[in-house]
Amino acid sequence: MKIHSIVSRALLSVAFMLGLIGPISVSAATAPSLGAADSFSVLAGLSTAANGGGTTVSGNLGLSPGLAVSRTGTWTVLGTEYFGTGGLSQTAQTDALSAFNNLAGQTTSGGWGSSPWSPIPGVWTVALDTTFTGTITLDGGFDDVWVFQVGQDMTFTGSVVLAGNAQACHVFWQVGRDATIGSGSNFVGTLIASRDITFASGANVNGRAISLTSSLVLNGTPTTISGPTCNSAPATVVGGSSPGRGTVNVVKVVINDNNGTKTISDFPLFVNGTLVGSGQTNNFPAPAGLYSVTEVTSSGYTRSFSGDCDANGQFGLYKGGNIFCIITNNDIGSPLVPVVPPLIDVVKVPNPLALPNGPGNVTYTYTVRNIGTVPMTDVTMVGDTCAPVSLISGDTNNDGRLDVNETWIYTCTTQLSETHTNTVVATGWANGISAVDIASANVVVGQSIVPPLIHVTKVPNPLALDAGGGMVTYTDEVTNPGLVPLTNVRLTDNKCSPVKYISGDTDGNLMLDPSETWTFSCQSRLTRTTVNTVIARGEANGLTIRDFAIATVVVAVPKVPNTGVGSSANILWEISTGILLAGSGLFFVIRRKKSL
Amino acid sequence: MRLKISLKPPVFIGSIATVIFSVIIIFLPNFNRPVQGSDMKLPALLSTIPVKPVIGLPVRLQIPKLKVNASVENVGLTKDKSMGAPKIPSDVAWFNLGVRPGEIGSAVMAGHVNWYSGATAVFANLNKLKPGDKIFVKDNNGVTISFVVRKVRVYSIKDDTSEVFSADDDLAHLNLITCVGVWNKRSKQYSQRLVVFTDRE
């Protein structure tokens, strides 16, 4: 028994170590060939019915072996219709079955998550029936592929959101039995189900719906099946890395809210085993499967990931991508009296934003502000590919501290010969807690494109909460330090939702203009020290840009209640002793009186 | 004779003090009276929490396995920043600075393990709960919310108990606390706490 437990423990620890330091197994998903099925938006076996408001289909519609009479309801088919056996719809069904088998045979990367779920590119599997309600965000590059395998029935209600350069034509759903898409869903990708596919009402599909053997039914208000959209990568990679590579920036946040003393250098950081410095921009090969961020841990600290890393510190890297992985260490235990954390903000603006005539000089201006309530010491700026970064002005009282409402200005000039994204990470300290902010700036060389800029700040109120916690209101302000208006501006907070738009689009054009400040708000009830990471996204001139803001709120935790009494606190004992002592006291008083 | 006289006053004062102490013990069994966390705060909290089904204030805690059917007192923080304890040994105390049982987050209730004169109290047998056991809370709307024991853990009073008071899994929990370990005469409390973690069904 004892030997058995020792052996199993040893095996466990070996497995654990391998899991931590061994090579990361990559289950890269691949897009199967769809053959003749590629041109179809709707393909089914026996019948297809558009009940209710009718359906618009952008590509071909096909039934095989079903005949034209089995296509019922109101259809607007922008492609061509094919029915019966011996034609294109039969070939398409044969090719769709091959694609289905190819998808079913791909090696899994793991199980499904729950909403909001952001799976990295890979093969995600549920063996039995599954019901997913909510949002799946697919963030990746032009070449990244997602495959969703479901062994039996799938019911999906909600939205599939494409982010970054993810492509609808690279998303596949392989369903072993029936598939149901709930009302009002926005579905993305090629759905191949062995049996029936049902759209409840008013769903939109950016992709294809293929039932191999059975029926496709569309109920309720109009449904649109179009696409899937597919863009190829632009010829020029816009990003801060050589072709075939992406950049990775690991940013460290340390919270000592319970008298811990560790600092950033106490936690050496690694990307797939390569040592990296906090805030430094590193080039890694891309596209690649999974990268993993690890660190030398310190006992007495918890660790959590945010930004582009998943909960395990893993991320996928696409060509020209810029990954920011934020890793937070918090000393275990909570304060009885909460300390006030600092809050830092950095914005970086290049001048000029574009060098259309080829290589030239660019001057970056960095504006660092203390947007919290406590002065910061040890302010550092790292990761910049421009040197030297010089402090021009701002420390008005020359105390070396970034005081509240002080604005420090730095500049740096460099020559750029190719399109480049330059990133800087500003860190400051107060009350044992580090505050971090990231700023990136893109300069396009050799093309007449003006790259956009976006900037976000996050200010929690209050910054510190007494035991028991309470409501915190986060105010997020998004600005445009560039020259071109931004479309599709959106915020994602990893610890607070919904993030509500409050005001700022003064001209009501739904674009974040350079003169505008858009204010967003989110409320969250905190019961423990919490670090929020918000990502702001915007688009202009065909480029998507991002900015990060990271904010800490410290929450005290109560001591445990005193829920027992000791034997010494026996009430009868207390009373009897009291009476005894009182009696003896009285006795002495009487004796004293007598003796006097 | 002189020796006797010089001894008398301290003894006399001591006796009076003991009597006063005993009286305090009788009428104020809970030394750690809440100094904050009154019901005043609740309307303000309610207005800002996006509560879908409104969950009422807890009024009864029932643990069929332990034959517990207890009234719920409201407590906040004591002067030393501890969660308050119930005034009556047969009651449990709900920490009213945290969420209500059934709301997303970790609601916390405490009960005494024993009482003066060797009497037992509401959570005397809390250590007998096992994962899978059921716990019910009745709120002031008459709604019963059920919970299932997930795990039982013992903490030293110096341990980090953040996970008792908070959760980040977007689920509703109810955690029950009582005393275990050895009595420390100097700090007038037990050395450990038993915490039963439960999940809403």
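Mentor: Happy to! Let us begin with pLDDT, the predictor's confidence in each residue, from 0 to 100. Helices (H or I, at least four residues) and strands (E, at least two) are DSSP runs, numbered from the N terminus. In chain A, the lowest mean pLDDT among the elements belongs to helix α1 (residues 2-21), at 42, and the highest to strand β34 (residues 455-461), at 97. This is a predicted model, where local features need pLDDT of at least 70, side-chain atom pairs count only at pLDDT 80 or more, and totals for chains, interfaces and linings use all residues. Residues are numbered from 1 along each chain as its sequence is written, while chains are lettered from A and ligands numbered from 1 in the order in which they are written.

Chain A has a mean pLDDT of 85, with 87% of its residues at 70 or more. Its elements are 3 helices and 41 strands.

Now to your sheet. Two strands pair if DSSP finds at least two bridges between them. In chain A, four strands form an open sheet in the order β26-β28-β31-β30, and their pairing is antiparallel. At its edges are β26 (344-351) and β30 (390-393) of chain A, each pairing on one side only. Strand β30(A) is joined by 3 bridges to β31 (residues 407-416) of chain A, and the two run antiparallel. Within this pair, Ser390(A) stands opposite Thr411(A) of β31(A). In general, strands of a sheet pair through backbone hydrogen bonds, either parallel or antiparallel.
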